[in-house]
Amino acid sequence: MSEIRAADTGLPSRRPRRLLVDRHTRVTRLTHWINFLCVAVLLMSGLQIFNAHPALYWGKSGADTDRAAFEMGADDSGGGPPAGFARIGSSTFNTTGILGVSRNASGEVVRRGFPRWVTLPSWRDLALGRRWHFFFAWAFVANLLVYLAAGLATRHFWRDLFPSQEQLRPRALLKDLANHLRLKFPRGEASRGYNPLQKLTYLAVVFVLLPLMILTGLAMSPGMDAIVPWLVDLFGGRQSARTIHFIAAGLIVLFVFVHVAMVLLVGPLNELRAMITGRFAIFGEDDHG
Ligand code: HEM
Ligand code: HEM
């Protein structure tokens with residue numbers, strides 16, 4: 001992420017106006033976009049699976065015995081058309097049109113957990129949703145392994161993702177946080193690598209959140225309890241594993257929202273070009289374009 005490729009000069013300024021540097025290796029770029037595809041399909045097929053029983057429990061058994069910690073559904077008590085609701089603990093929200101009750105492709109009002117525009121397939125089909133989910137789960141795991149192996153082999157994690165001691169100082173972290181909150185992003189030389197909060201977030205996603213999806217996914221998979229029984233126990237039972245899988249999926253969605261917002265704010269063309277072609281432009285201090 002550091003080698004200088006070319007200097008685009010030709011301006012009266014003595015400082016180079018723009019440097020094109022190699023920012024991302026081919027493996028990082030390829031695995032990043034495959035991961036994006038896998039996560040999108042896994043999320044949407046996962047929501048299809050969730051719709052088969054739109055409630056989450058804690059512990060081993062769940063559904064028959066315990067009260068759901070989170071559920072969505074349709075309420076007919078008003079006398080008129082059903083109202084959609086989502087309940088977390090003792091708080092219930094009216095979510096008609098989105099959660100619990102929404103419209104199908106023909107415009108009819110139907111009872112379903114998540115609406116058709118976030119599920120895969122968009123119509124109700126648990127078996128197909130499961131097939132998509134399990135196929136892309138393996139693609140996702142294989143892709144992550146390639147990324148991790150390449151990251152170790154090229155020392156990408158040490159060079160680009162692990163923050164330096166300097167960057168971990170509380171003052172440096174607070175300064176970076178304040179800059180993020182004021183939407184003030186590094187320019188010039190400082191934009192060459194990731195900033196500390198960015199590094200910590202990527203590390204949390206790569207080494208905690210994504211592996212957690214795999215482990216809780218495996219813990220839920222039929223047959224796995226015979227091969228690695230301790231995995232289900234580690235998460236406190238199958239229902240807890242499912243709840244953690246769902247919450248972690250929500251955290252990934254949150255991360256992607258902020259991640260894409262940052263890309264748009266920092267400079268979408270330069271950032272996306274870097275993640276597609278590898279080339280990233282560093283602008284001199286005298287250039288604010
Ligand atoms: C539309 C969706 C996405 C866009 C536009 C996008 C864009 C980008 C860009 C431009 C970078 C490079 C940032 C930089 O050089 O400063 C990046 C890095 C990264 N993105 Fe995304 N991303 C997307 C989805 C995702 C998803 C779904 C994940 C994971 C769940 C993810 C995880 C990462 C990680 C871990 C890095 C750091 C990669 C490394 O250096 O090893 N991104 N992304
Ligand atoms: C970023 C990646 C992933 C996302 C966003 C995701 C999302 C989801 C969601 C929302 C559900 C529905 C929860 C439910 O009602 O049971 C689900 C279910 C499930 N997921 Fe994932 N998942 C991901 C990766 C994986 C992986 C890697 C595996 C396997 C190793 C996996 C295995 C499962 C299983 C076994 C179920 C329950 C299926 C069933 O009850 O029929 N998931 N996933």
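Is Ala69 buried, exposed or partly exposed? Ala69 counts as partly exposed because its relative accessibility is 42%, where buried means under 20% relative accessible area, exposed over 50%, and partly exposed in between, for a 1.4 Å probe and protein chains only.

The structure is a predicted model, in which local features need pLDDT of at least 70 and side-chain atom pairs count only at pLDDT 80 or more, whereas totals for chains, interfaces and linings use all residues. Residues are numbered from 1 along each chain as its sequence is written, chains are lettered from A and ligands numbered from 1 in the order in which they are written, and side-chain values use heavy atoms, with hydrogens and water left out.

## The chain as a whole

The chain contains 10 helices and 9 strands, these being DSSP runs numbered from the N terminus, with helices (H or I) of at least four residues and strands (E) of at least two. Its C-alpha trace spans about 75 × 45 × 35 Å along the principal axes, and 40% of the 289 residues count as buried. Among the contacts in the chain with a separation of 6 or more, 57% are accounted for by residues 24 or more positions apart, contact meaning heavy atoms within 4.5 Å.

## Packing of H2 against H6

Two packed helices are described by the angle between their axes and the distance between the axes. For helix H2 (residues 126–153) and helix H6 (residues 196–220), the angle is about 145 degrees and the axes are 11 Å apart; axes here are lines fitted to C-alpha atoms, for helices over the stretch in contact, and angles run from 0 to 180 degrees between N-to-C directions. H2 passes H6 in a left-handed crossing, a term used if the near helix is turned anticlockwise from the far one by less than a right angle.

On the H2 side, Trp138, Phe140, Val141, Leu144, Tyr147 and Leu148 take part, and they meet Val206, Phe207, Leu210, Ile214 and Leu218 in H6. The residues of this contact divide into 11 nonpolar, no polar and no charged, where Ala, Val, Leu, Ile, Met, Phe, Trp, Tyr, Cys and Pro count as nonpolar, Asp, Glu, Lys and Arg as charged, and the others, Gly among them, as polar.

## Nonpolar cores

In soluble globular proteins, nonpolar side chains tend to be buried together. The largest nonpolar core in this model has 23 residues, and those with the most contacts inside it are Phe140, Tyr147, Leu161, Leu210 and Ile252; such a core is a set of buried Ala, Val, Leu, Ile, Met, Phe, Trp, Tyr and Cys residues joined through side-chain atoms within 4.5 Å. Helix H1 (26–51), H2, helix H3 (156–161), H6 and helix H9 (238–266) each supply at least two residues of this core, and H6 gives the most, with 7 residues. Leu210 touches Asn35, Phe140, Leu144, Val205 and Ile252, not counting residues up to four places away in sequence. A second, separate core of 9 residues includes Met220, Val228, Leu231 and Ile244.

## Backbone features and individual residues

Most residues other than glycine have a negative phi, and most peptide bonds are trans. Arg155, in the loop between H2 and H3, has a positive phi of about 60 degrees although it is not a glycine, and its relative accessible area of 47% makes it partly exposed. Leu183, in the loop between H5 and H6, likewise has a positive phi, near 55 degrees, and counts as partly exposed at 47% relative accessibility. A cis peptide bond with omega of about -5 degrees joins Leu120 and Pro121, and Pro121 is found in the loop between strand E8 (109–112) and H2.

Ala69 lies in the loop between strand E3 (55–56) and strand E4 (70–75), where it touches Leu56, Arg87, Ile88 and Gly89, not counting residues up to four places away in sequence.

| Residue pair | Separation in sequence | C-alpha to C-alpha distance |
|---|---|---|
| Ala69 and Val266 | 197 residues | 39 Å |
| Ala190 and Leu37 | 153 residues | 31 Å |
| Ala127 and Gln48 | 79 residues | 9.5 Å |
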